[in-house]
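Thanks for coming, everyone. Let me put the structure up, and then we'll go through a few places in it.

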Amino acid sequence: MEKFFQLKANGTTAGREVVAGLTTFFAMAYIIAVNPTLLSQSGMEWGAVFLATIIASVTGTLVMGLVANVPYALAPGMGLNAFFVYTVCFTLGFTWQQALSMVFICGLLNIFITVTKIRKYIIKAIPRSLQNAIGGGIGIFVAYIGILNVGIVTFSSGVPALATLNQPSFWLFLIGLALTIILLVCNVKGAILIGIIVSSLLGIPMGVTVTTETVSFAEACSQLPSTFGAIFTSAGLPSLFADPAKVPLVLITIFSFSLSDTFDTIGTFIGTGRRTGIFSDEDEHSMETTPGFKSKMDRALFADATATSIGAILGTSNTTTYVESAAGIGAGGRTGLTSMVVAVCFAVSAFLATFVSAIPFAATAPALVVVGIMMLSAFREIQWDDFSEAVPAFFAGIFMALCYSISYGIAAGFVFYCITKVCKKQAKEVHPILWVATVLFVLNFVLLANL
């Protein structure tokens, strides 16, 4: 284990990696129940999506851990699954088989741009100031996810406000947050995981930690054939391009899937990997032209790219690197052993879904908030007194949370970075790839506005 994962070289231990893996899993375990509930609205079998979610998560996370040796977990992405159901199926009128087919093609496209090193070139093109802004922005986004998950911030007529603290889940969240902060300040090992476990247990007498009714493992297995390989049936890929009039719309939708998936992953890797040393400067900026994947970043990007197509074959929307991996990284995870633990937990959850889904958001939200706080230190590297640097950094960092999208935050940062450089007559300093990415983002917004 030491030799394979290089624990000492990465400044970690097996025990720390296990704790980190458990922390990451509990922080993202909600997807096990949420994803099938969401996708089933498009007509897919709940049990089939439930099992597809778990298998895709296990497969993608295992590849990430064994091939790339980095502590990231993968699962069907929130936001992308909502786009799948509400935009692609409900608004645009595609069937779920056709939507899965578009996700599959998106995965193949991501594999292509990863093998050709395009995704890595994009990372190299992002200036250090924006990388720091993305890192801090991921922190705000992660903390915001935690706060929204527990519902302690409400939106009445579009106006955000603090919820009335009359719900047991709110009090459990506040207790868990205080406990986790105290443990971290006191340097208690495994503080974040302890906070999750204690909060979950306290939630039992408070009526917050409750088991929910789910489809049994046997029922899920019987339903899986309805989605497994559905993209290869007549209702899938063949029907996708059967109507020439719809081909432009199909291509636009695939483009939107791919753009969001690509920059969500890039943002997560930059935001959580650079400052922690998971990805070295050589990983982020080396431009190898030799065949194969020579660095952790190469292998991690490839693991992420392949997961989407695998998930589509099984029967779920885009499988992507989870930003909640930051919780495990905050707990000390530095190698693929963390990912291995997450994968095992996902596999076991197929048989214990009722109990795993009982862990409430109120118990995991404090972990996301404190990890978000830790990640805000990236903002320290930005020259805020230089307005031309502060503007793109602000939009890249803040828009992630406001738009609830990593890729939209990056898009805003890119756009304003280009604007400020042009105004300062420093347009030549903008990397050509950054110009192309900015144009693609603008084009994507225009196309989505006209769907």
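Start with F351. This is a predicted model, and in it F351 counts as exposed, at 57% relative accessibility. Its ring partner is F217. F217 is partly exposed, with a relative accessible area of 32%. The two rings form a tilted pair: 4.4 Å centre to centre, with 40° between the planes. Where do F217 and F351 lie? F217 is in helix α11, residues 217-223, and F351 is in the loop between α17 and α18. So the pair ties together parts that are 134 residues apart in sequence.

F394, F395, F399 and F416 are linked by ring pairs into a cluster. And there is a lysine over a ring: K246 lies over the face of F94, at 5.1 Å from the ring centre.

Now cysteines. A disulfide here would need the sulfurs within 2.5 Å. C106 is also buried, at 0% relative accessibility. C345 is in no disulfide either; the nearest cysteine sulfur, that of C221, is 19 Å away. C345 is buried too, with a relative accessible area of 15%.

Next, helix α19, residues 361-375. It has 15 residues and reaches 21 Å from its first C-alpha to its last, close to the 21 Å expected. Is α19 mostly covered or mostly open? Covered: 12 of its 15 residues are buried. Among them are P366, G372 and M375. What do the buried residues pack against? The list is α2, α8, α9, α10, α13 and α16.

Stay with α13 for a moment. S256 is in that helix. S256 is buried, with a relative accessible area of 6%. Leaving aside neighbours within four places in sequence, S256 is in contact with F83, N444 and L448.

Last, the annotation. An unreviewed UniProt entry places "transmembrane region" features at several stretches, including 20-39 and 341-374. Over residues 20-39 the chain is 90% helix and 0% strand, and the end C-alpha atoms are 29 Å apart. Over residues 341-374 the chain is 79% helix, again with 0% strand, and the end C-alpha atoms are 23 Å apart.

Terms used: Residues are numbered from 1 along each chain as its sequence is written. This is a predicted model: local features need pLDDT of at least 70, side-chain atom pairs count only at pLDDT 80 or more; totals for chains, interfaces and linings use all residues. Side-chain values use heavy atoms; hydrogens and water are left out. Helices (H or I, at least four residues) and strands (E, at least two) are DSSP runs, numbered from the N terminus. The expected span of a helix is 1.5 Å times one less than its number of residues. Buried means under 20% relative accessible area, exposed over 50%, partly exposed in between (1.4 Å probe, protein chains only). Contact means heavy atoms within 4.5 Å. UniProt positions are given in the numbering used here, feature names are shortened, and annotations may be inferred rather than shown by experiment. Rings of Phe, Tyr and Trp (its six-membered ring) pair if their centres lie within 6.5 Å; planes under 30 degrees apart count as stacked, over 60 as edge-to-face and the rest as tilted. A charge sits over a ring if NZ of Lys or CZ of Arg is within 6 Å of the ring centre and within 35 degrees of the ring normal.
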